Amino acid sequence: MGIDLDGKVALVTGAGNGLGREHALELGRRGACVIVNDLGGGRDGSGGGSDAADDVVRQIKSAGGEAVANYGSVADQEDAETMVQQAIDSFGRLDIVVNNAGILRDRSFAKMDMADFRLVMDVHVMGTVYVTRAAWPVMREQAYGRIVVTTSTSGLFGNFGQANYSTAKLGVVGFMNTLKQEGRKYNIHTNAIAPIATTRMTTDVLPEDVQGDLKPELVTPGVMYLCTDDAPNGVILQAAGGRFFLAQIVENQGVDLGDEASLESVAARFEEISNMAGAGPRER
């Protein structure tokens, strides 16, 4: 292998299945010591168990790597703090956090139970916040950190029946956009992965004729790059079936209406206001 992660310690949440499993296994292959977190529940967040995380740990160790299992919930702040402490107790440091854990409670907004909306927000948004917040002082102290948050095309562009999920997934992009600024001077780089892959979360969402092409292991190389010393800071990397491409939030030049701004002037010049020619990201 040309690029290794020897000496690095990584925490991957939701690492018992699907994308998280592939991320954890590859981190182990690349020489990182891995905290394999998985609650062991269903894709809706119900239930729990140790088998999923234990199996990934077993595979990493059988290949000659080092790993320990964690069965906590990212949506529980104490559990999140325990994951980070487990990394310190087991391996002495924490260099990489891959926030991958997630659940689905899909339903059209008119029919959606607000308890399901809140639960999805708690897991995806607060779960990412709790784990990252626990790791943040460790990374600041050692002047090194690589954080990956998991967004989605549903968050970037919307998707019918996923108002809760899409809200949460765009929320973690806003989180990333601030952390890239606050972590820069401490050599903490924060990036987002937007995967499209066939997992138990997506088998009834993705068209059957493309599922075989969208293997989760084809997303993992992008995540690995975001975990390296050379990782960028503040990008949204999309990955689907071996294709990697960036998404950005951009703004145009707009129109300065000054003191003449009114409903009528906005309406009259809205075509000009909405012209995206020359649009680009705001640098901060």
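**Salt bridges in the predicted model**

Lysine 8 and aspartate 229 join their side chains in a salt bridge, with an N to O distance of 3.4 Å, the term meaning a side-chain nitrogen of Lys or Arg within 4 Å of a carboxyl oxygen of Asp or Glu. Lysine 8 lies in the segment before strand S1 (9-12) and aspartate 229 in the loop between helix H8 (220-226) and strand S7 (236-240), so the pair ties together parts that are 221 residues apart in sequence; helices (H or I, at least four residues) and strands (E, at least two) are DSSP runs, numbered from the N terminus. This is a predicted model, in which local features need pLDDT of at least 70 and side-chain atom pairs count only at pLDDT 80 or more. Side-chain values use heavy atoms, with hydrogens and water left out, and residues are numbered from 1 along each chain as its sequence is written.

**Count and network**
- The rule gives a count of nine salt bridges.
- A network of salt bridges links Glu26, Arg29 and Arg30.

**Accessibility of the lysine 8 pair**
- Lysine 8 is buried at a relative accessible area of 16%, where buried means under 20%, exposed over 50% and partly exposed in between (1.4 Å probe, protein chains only).
- Aspartate 229 is partly exposed, with 47% relative accessibility.

**Two further pairs**
- Arginine 21 and glutamate 22 form a salt bridge at 3.0 Å, N to O; arginine 21 is partly exposed at 23%, whereas glutamate 22 is buried at 14%.
- Arginine 58 and aspartate 55 form a salt bridge at 3.7 Å, N to O, and because they are three residues apart in helix H2 (residues 51-62), about one helical turn separates them.
- Aspartate 55 is partly exposed, its relative accessible area being 31%.
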